[in-house]
Amino acid sequence: MISSIFEKTKPVNFIILLVFLFLFYWSVQFYLFDFEISEVEIMPSIGILAILLFSVFVVDFIVKRNKLTGTNSYAILFFTLLFVVFPETLGDSKAILTSFFLLLSIRRLLSIKSLKNIKLKIFDAGLWICISSVFYEWALLYLLLVFAAIYIYEPKNIRNWMVILSVGFCFFMILYGVVLLLDKPNFIAEHYDFAIDYDAIFPIKWWTSLKMTLYALLNMAMAFSAFIHLSKSGVGKVIVMRLIAFSFIIGLVVNILVTSDNNNAVIITFFPSVIFIVNYLQSIKKPKFLELVIISSIVVPLIVYLVKL
């Protein structure tokens, strides 16, 4: 029943998921974090929610444009469900903004495979990553993904590598001008200190660590399954999947480096995770088993969330 609803791309699927995410966002704010209406800054919260909802459309666009999955709505379904698994992410506006700009970066990186306007796409991807670093400085590690894309598609053109330098210079000049206008001249030095808070990393909470470990292991298993099935589809899809897998690894590293009690940065791994999940689901040939997996993926996180409340 549920699989039949999302196995095709329909406008009603967006409506269902956006309404659910809208309601879920506010339930997290008021019940999980115990915020009162007087404490919530309504306009900033609405802005963050709008970016969060728009991220669903960005995910759908990237998936369809690059044909990362079949013609279905499973990608946006599981992108939404991952917020139920990690509701703490909705309490961190920096994590949501970082994830959004990284999505825009990945959109440009994956389009390099067309081998058209490569330098422009490298510049755009690098600039979006730099913008995301304004919220989480460790997001700059995603520049490694840009280097990987250059190495895969056109490594012999030295000008492609030089584009990264121009991105860094442009971003620094723009950011420096903005912080001067805001009268915060020390922001750059204080924000980009790349300090590692060992006191936040090593005290391990069993539930958070268990959930993150299971999340990482399940994604690795599904990624392995995806590589096996996509190896029959041609080299092009395998290369794209390698970039997505690399982005997931970088995301896990960034999540560790900016670790807080709530593991807020895990949101930046949602997009590659969704690709692994959907490709695994598409490999399931038995409709009844597929239906069981999807229903379990919806019901179990909701039950865990309600119990946590």
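**Helix packing, pocket lining and local features**

W161 is partly exposed, its relative accessible area being 26%. The model in which this residue is described is a predicted one. W161 belongs to helix α8, which spans residues 158-181. When neighbours within four places in sequence are left aside, the contacts of W161 are F147, I150, Y151 and P155. A further pairing was computed between W161 and V146, which lie 15 residues apart along the chain and have their C-alpha atoms separated by 9.4 Å.

The secondary structure of the protein consists of 14 helices and 0 strands. Read from the N terminus, the order of elements is accordingly α-α-α-α-α-α-α-α-α-α-α-α-α-α. The protein has 309 residues, of which 49% count as buried; under 20% relative accessible area is the cut-off for that class. Contacts were also sorted by separation in sequence. Among those between residues at least 6 apart, 77% join residues at least 24 apart.

V19 lies in helix α2, which covers residues 11-32. With a relative accessibility of 45%, V19 falls in the partly exposed class. Its C-alpha atom is 9.3 Å from that of L53, a residue 34 positions away from V19 in sequence. For G70 and Q282 the separation along the chain is 212 residues, while their C-alpha atoms are separated by 7.7 Å.

The packing of α5 and α6 was examined next. Helix α5 comprises residues 93-110 and helix α6 residues 118-132; the angle at which they pack is about 170 degrees, and their axes are 8 Å apart. Angles over 145 degrees count as roughly antiparallel, and α5 and α6 are therefore roughly antiparallel to each other. On the α5 side the contact is made by T98, F101, L102, L104, S105, R108 and L109. On the α6 side the residues are L120, K121, D124, A125, W128, I129, I131 and S132. By class, the residues of this contact divide into 9 nonpolar, 3 polar and 3 charged.

The loop between α5 and α6 contains N117. The backbone of N117 has a positive phi of about 50 degrees, although N117 is not a glycine. N117 is exposed, because its relative accessible area of 58% is over the 50% cut-off for that class. A second residue other than glycine with a positive phi is D183, for which the value is near 60 degrees. D183 is also placed in a loop, here between α8 (158-181) and α9 (187-191). The relative accessible area of D183 is 63%, and D183 is therefore classed as exposed.

The largest pocket of the model has a volume of about 720 Å³. Its lining is made up of 27 residues, and those closest to the pocket centre are L82, V85, L218, S297 and P301. The greatest contribution is that of α14, with 8 residues. The lining of the largest pocket divides into 20 nonpolar, 4 polar and 3 charged residues.

In outline, the predicted model is one of 14 helices and 0 strands. The α5 and α6 pair packs at about 170 degrees, and N117 is found in the loop between these two helices.

Definitions and conventions:
Residues are numbered from 1 along each chain as its sequence is written. This is a predicted model: local features need pLDDT of at least 70, side-chain atom pairs count only at pLDDT 80 or more; totals for chains, interfaces and linings use all residues. Side-chain values use heavy atoms; hydrogens and water are left out. Axes are lines fitted to C-alpha atoms, for helices over the stretch in contact, and angles run from 0 to 180 degrees between N-to-C directions. Helices (H or I, at least four residues) and strands (E, at least two) are DSSP runs, numbered from the N terminus. Angles under 35 degrees count as roughly parallel, over 145 as roughly antiparallel, 65 to 115 as roughly perpendicular and the rest as oblique. Contact means heavy atoms within 4.5 Å. Ala, Val, Leu, Ile, Met, Phe, Trp, Tyr, Cys and Pro count as nonpolar, Asp, Glu, Lys and Arg as charged, and the others, Gly among them, as polar. On a 1 Å grid over the protein atoms alone, a cavity is a set of points where a 1.4 Å probe fits but cannot get out, and a pocket is an open set with protein on both sides within 12 Å along at least five of seven lines; lining residues have an atom within 4 Å of a point. Grid points are joined across faces, edges and corners, and a volume is the space filled by probe spheres set on the points. Buried means under 20% relative accessible area, exposed over 50%, partly exposed in between (1.4 Å probe, protein chains only).
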